[in-house]
Amino acid sequence: MGKRAFLFTGQSAQYAGMGKDLYEKYDLFKKIFDEASDYLKTDLLYICGDSHGLSKTYNAQTVIFTVSYGIYKLFESRNINPDCIAGFSLGEITSLAVSEILSFKNTLDLIKIRGEVMQSACDYTPGLMYSIIGAEDKLVEEICETVSKTSNGYVIAANYNCPGQIAISGETKAVEEAVKIFAEKKIRVIKLNVAGAFHSKIMRYKQNDLINFLKTLNFNLPKTDLYSNITGKKFDFNINQNIKEFMINYIPEQMSNPVRFRAELENMSADGCDLFIEIGAGKTLSGFVKRTCENAKFLNVQDSESFESAIKYI
């Protein structure tokens, strides 16, 4: 029998109304949502139904995390736990809470300051992200490198999602120049619904604010195998490692480095995972699994219907 992996969604997957039926149907989910709202002094359920509010980085990240964590706790209440976990971008921060590296409330605090730092970076240096569909990694990297050298701008391959899909990120002018080249080559591009150039060096603006905050937190070794966005590999922690020192360095770097999610899926599969359960908004990660892990089974859980279906399947 193979292993079960939980995958946690990232920003841009949010949609108005997410979490509402879970809140109404499950007391445990409602308790978690209300606890987060009280702690942050914010009505998260109201934000869930507000398309305009969800367009703001901090709001979107807080709601996605709380919905994802609430669904995870519902699984836990049914004695269904993962053998390993991974998250995409913000989803990796969710993984820190799920694996108990951080407490739930500390993770809410982290998402708040992380979102504020990211928004400040977006405001200081406007940027864009696009998915590039059907191009080889090397071609995407070469075009980004060429544009960065010739346009007096900055663009990189930022998210390695699955075979044939990479997201680019960078300064507005440079990204638009790269997109123009892809279009000329008849390569499909899709603009991403994000506030700026995530997972690029642009996110290093005001990074010290995040680092100083991280120094105030307590970190624990994870209770579950966890895979890294930066390396694509399983974190190799041991009882003698200074987990706090590692995380103070890792979390800011995770925000400003490419996400190697395809490598994470490949390594999880190689390590014996054959059932991937995407938790949170949308079905993006399930699509990545389908195109990356041959013969793997996958489920998407984002509302009460998909949760109950997953329970029956498992």
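Predicted model: local features only at pLDDT ≥ 70, side-chain atom pairs only at ≥ 80, totals over all residues.
A crossing of two helices is called left-handed if the near helix is turned anticlockwise from the far one by less than a right angle, and right-handed if it is turned clockwise.

**Entry 1: H8 and H9**

I began with helix H8 (residues 137-150) and helix H9 (residues 172-184), whose axes lie 10 Å apart and which pack at an angle of about 135°. From H8, the contact takes in Val140, Ile143 and Val147, and from H9 it takes in Ala174, Glu177, Ala178, Ile181 and Phe182. Sorting these contact residues by class, I found 7 nonpolar, no polar and 1 charged.

**Entry 2: H6 and H11**

I then turned to helix H6 (residues 90-98) and helix H11 (residues 243-256), whose axes come within 10 Å of each other and cross at roughly 150°. Since angles over 145 degrees count as roughly antiparallel, I wrote the pair H6 and H11 down as roughly antiparallel to each other. The crossing of H6 and H11 is left-handed. On the H6 side I listed Glu92, Ile93 and Leu96, which meet Met247, Tyr250, Ile251 and Gln254 of H11. The residues of this contact divide into 5 nonpolar, 1 polar and 1 charged.

**Entry 3: the largest pocket**

Which residues lie closest to the centre of the largest pocket? I first noted that this pocket holds about 380 Å³ of space. Of the 24 residues in its lining, the closest to the centre are Gln11, Ser12, Phe88, Leu192 and Thr284. I also checked which elements contribute, and strand E3 (127-133), strand E4 (155-162), strand E5 (165-171) and helix H13 (284-292) each supply at least two residues of the lining. By class, the lining of the largest pocket comes to 12 nonpolar, 11 polar and 1 charged.

**Entry 4: the cavity**

How many cavities of 30 Å³ or more does a search of the whole structure find? I recorded 1 cavity at that cut-off, and the space in the largest cavity is about 30 Å³. By class I counted 3 nonpolar, no polar and 4 charged residues around the largest cavity.

Terms used
Residues numbered from 1 in each chain as written. Heavy atoms only, no water. 1 Å grid on protein atoms, 1.4 Å probe; cavity = no way out; pocket = protein on both sides within 12 Å on 5 of 7 lines; lining within 4 Å. Points joined across faces, edges and corners; volume = space filled by probe spheres on them. Nonpolar A, V, L, I, M, F, W, Y, C, P; charged D, E, K, R; others polar. Axes fitted to C-alpha atoms, helices over the stretch in contact; angles between N-to-C directions. Helix = DSSP H or I, 4+ residues; strand = E, 2+ residues; numbered from the N terminus. Parallel < 35°, antiparallel > 145°, perpendicular 65-115°, else oblique. Contact = heavy atoms within 4.5 Å.
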